Amino acid sequence: MLEPSKLAELRAELEQQRENLRKEIVEQGGDPDSDDAAIDVERGFADSAHSTAERARLLSVMKALRSNLRWVDRALTKMELGTYGTCERCGNPIGLERLEALPWAILCIDCKQKGEGR
Ligand SMILES: [Zn+2]
């Protein structure tokens with residue numbers, strides 16, 4: 001199990017990350033609480049004359065930001081539930097080194113390397 005001090009450190013990092021991602025989504029004209037990146041892009045472009053290519057680029061940026069945000073949210077939820085640091089697939093500890101490198105990891109390195117999920 002993770003030490004409370006280490007857990008607090010990782011939580012602070014996740015919260016910082018969530019803050020950054022939400023800010024970035026807003027900067028791109030999106031709504032971080034909405035689930036539909038396409039709607040954001042349409043809304044953002046409603047009164048401008050951007051090209052289709054730019055639209056597509058923004059859509060993929062939005063999707064990436066949102067998917068990262070979801071992983072971060074999920075890790076924070078797991079902290080609430082007390083299951084943080086445990087692999088969602090096999091139930092083994094994820095390992096501190098991996099969590100420090102990737103605080104939103106939800107699979108242990110073995111499961112990750114098997115190529116299932118993230
Ligand atoms: Zn695993």
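This is a predicted model: local features need pLDDT of at least 70, side-chain atom pairs count only at pLDDT 80 or more; totals for chains, interfaces and linings use all residues.
**Overall make-up**
- Of the 118 residues in the chain, 19% are buried.
- Among the contacts in the chain with a separation of 6 or more, 48% are accounted for by residues 24 or more positions apart.

**Helix α1**
- With 24 residues, α1 reaches 34 Å from its first C-alpha to its last, which is close to the 34 Å expected at 1.5 Å a residue.
- The buried residues in α1 are L10, L14, L21 and I25, and the buried residues of this helix pack against α3 and α4, the latter covering residues 96-101.
- Q16 is also found in helix α1, but Q16 is exposed, because its count of other C-beta atoms within 10 Å is 12, and a residue is classed as exposed at 12 or fewer.
- Although Q16 and V72 are 56 residues apart in sequence, their C-alpha atoms are 9.9 Å apart in space.
- After α1 comes G29, a residue whose phi is positive, near 95°.

**Packing of α1 with α3**
- Two packed helices are described by the angle between their axes and by the distance between those axes.
- For α1 and α3, the axes come within 9 Å and cross at roughly 150°; since angles over 145 degrees count as roughly antiparallel, α1 and α3 are therefore roughly antiparallel to each other.
- The crossing of α1 and α3 is left-handed, and the contact is made on the α1 side by L7, R11, L14, Q17, R18, L21, R22, E24 and I25.
- On the α3 side, the residues making this contact are M62, L65, R66, N68, L69, V72, D73, A75, L76 and M79.

**The largest nonpolar core**
- The largest nonpolar core has 17 residues, of which V72 and A75 touch the most other members.
- Leaving aside residues up to four places away in sequence, V72 touches L14, Q17, R18, L21 and W104.
- Among these partners of V72, L14 and L21 are buried residues of α1.

Notes: Residues are numbered from 1 along each chain as its sequence is written. A nonpolar core is a set of buried Ala, Val, Leu, Ile, Met, Phe, Trp, Tyr and Cys residues joined through C-beta atoms within 7 Å. A residue is buried if 20 or more other C-beta atoms lie within 10 Å of its own, exposed if 12 or fewer, and partly exposed in between; C-beta atoms are placed from the backbone. Two residues are in contact if their C-beta atoms, placed from the backbone, lie within 7 Å. Helices (H or I, at least four residues) and strands (E, at least two) are DSSP runs, numbered from the N terminus. The expected span of a helix is 1.5 Å times one less than its number of residues. Axes are lines fitted to C-alpha atoms, for helices over the stretch in contact, and angles run from 0 to 180 degrees between N-to-C directions. Angles under 35 degrees count as roughly parallel, over 145 as roughly antiparallel, 65 to 115 as roughly perpendicular and the rest as oblique. A crossing is left-handed if the near helix is turned anticlockwise from the far one by less than a right angle, and right-handed if clockwise.
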